[in-house]
Amino acid sequence: MEVSLGAIPFDLDFHPSSPLVASGLINGDLHLYRYAAETQPERVFKINAHGEESCRAVRFADSGKIILTASPDCSILATDVETGKTVARLENAHEEAINRLVNLTDTMIASGDDEGCIKVWDTRQHACCNSFDAHEDYVSDLTFVPDTMQILGTSGDGTLSVCSIKKNKVQSQSEFSEDELLSLVVMKNGKKVICGTQTGALLLYSWGHFKDCSDRFLGHPMSVDTVLKLDEDRLISGSYDGVIRLVGILPNKIIQPLAEHSEFPIERLAFSSDRQFIGSISHDQMLKLWDLEELLNTPQENNQEENEAVQADSDDDDDDDDEMDIDIGPPKSSGSKRKKSGNSGSSSISSFFDDL
């Protein structure tokens with residue numbers, strides 16, 4: 001299943017319980033589609049969420065009642081899923097362009113911007129409850145570890161950060177890599193953090209030992225822009241060469257290519273809530289929904305040539321200590337505020353935005 005979006009998409013997210021998928025585009029538009037097996041997705045609505053600025057990040061929130069979007073205009077917008085109308089707009093959420101959004105709990109979200117700042121928003125407190133100057137360059141990806149209440153972030157400055165919500169500080173940070181870190185996922189029952197890079201390498205960090213990577217896996221010919229955890233031993237990667245791959249971790253191996261967007265870079269991957277489908281968006285302006293079981297069960301041609309590029313330069317260390325005692329926080333990012341006008345609504349999420 002696929003649909004032409006009409007512009008380059010930057011992000012997508014699936015509804016937590018209904019067959020809905022949302023995508024944010026470079027022209028500021030937000031699209032919402034309803035999907036079903038073996039039928040073309042049906043567009044529910046198309047709105048211009050951020051004017052002439054791009055819509056870089058999209059996340060369902062409030063049990064799927066609203067869609068949050070973020071933009072280089074420094075705002076976070078809340079859109080009602082049922083009506084497509086603006087519920088609230090948080091102006092100047094960051095001092096610089098916002099790149100990423102991630103759900104933490106039912107009442108908490110986190111955002112990351114172009115200057116490396118990560119913020120946590122708590123709807124119960126009607127405030128920004130945490131702010132971390134985690135990086136010196138743009139935040140490329142964020143993930144949340146519920147058990148420890150920590151946010152992991154990657155950046156164009158080549159670092160991986162661990163931000164503690166409870167301690168309100170950047171608890172750990174890796175040394176600067178020579179490569180931009182673009183994506184990340186936690187695997188191996190929480191013992192490994194896998195980061196995709198600009199050069200196509202996967203960097204493996206052992207939990208609690210984030211100073212330097214423990215393994216370097218050279219299996220992708222181009223940048224690894226997005227990764228999804230399939231299970232504790234396998235991930236699904238989306239690369240700049242337009243190929244979606246199934247990748248084994250420790251032992252490190254590209255198991256097989258799964259699908260592709262011709263030769264167009266893949267921007268983002270996401271699972272549907274029931275994990276029946278995997279969604280992908282690309283610079284070919286297409287949103288594609290793949291049946292995950294069919295992808296995994298489809299015989300593939302021998303990819304030995306691709307596997308010959310695989311290298312690993314160190315051994316696995318699954319017995320690493322889980323404690324993280326490093327306390328590193330880079331200097332604060334600087335930037336000028338940009339102000340835009342927006343509308344406010346009257347729901348609970350609206351009061352959250354209005355009171356900030």
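How many bridges join β2 to strand β3? The count is 5 bridges, and the two strands run antiparallel. This is a predicted model.

**Sheet β2 to β5**
- An open sheet holds 4 strands in the order β2-β3-β4-β5, with antiparallel pairing.
- β2 (9-14) and β5 (42-48) stand at the edges. Each has a single partner strand, so one side of each lacks a neighbour in the sheet.
- From one strand to the next, the twist averages 15°.
- Strand β3 spans residues 20-25. Gly24 in β3 is the bridge partner of Asp11.

**Sheet β22 to β25**
- Here too, 4 strands form an open sheet, in the order β22-β23-β24-β25. The pairing is antiparallel.
- The edges are β22 (224-229) and β25 (253-260). Each pairs with a single strand, so one side of each is left without a neighbour in the sheet.
- The twist averages 25° from one strand to the next.
- β22 pairs with strand β23 (residues 234-239) over 5 bridges, in the antiparallel sense. Val224 has Ser239 in β23 as its bridge partner.

**Ser155**
- Ser155 lies in strand β15, which covers residues 150-155.
- Is Ser155 buried or exposed? Ser155 is buried, because its relative accessible area is 0%, under the 20% cut-off.
- A polar atom of the Ser155 side chain lies 3.1 Å from the backbone oxygen of Asp137.
- Leaving aside residues up to four places away in sequence, Ser155 touches His135, Asp137, Tyr138, Ser140, Glu180 and Leu181.

Methods. Residues numbered from 1 in each chain as written. Predicted model: local features only at pLDDT ≥ 70, side-chain atom pairs only at ≥ 80, totals over all residues. Heavy atoms only, no water. Buried < 20%, exposed > 50% of the residue type's maximum accessible area, 1.4 Å probe, protein only. Polar contact = N/O pair within 3.5 Å; in protein donor to acceptor, adjacent residues only side chain to side chain. Contact = heavy atoms within 4.5 Å. Pairing = 2+ DSSP bridges. Axes fitted to C-alpha atoms, helices over the stretch in contact; angles between N-to-C directions.
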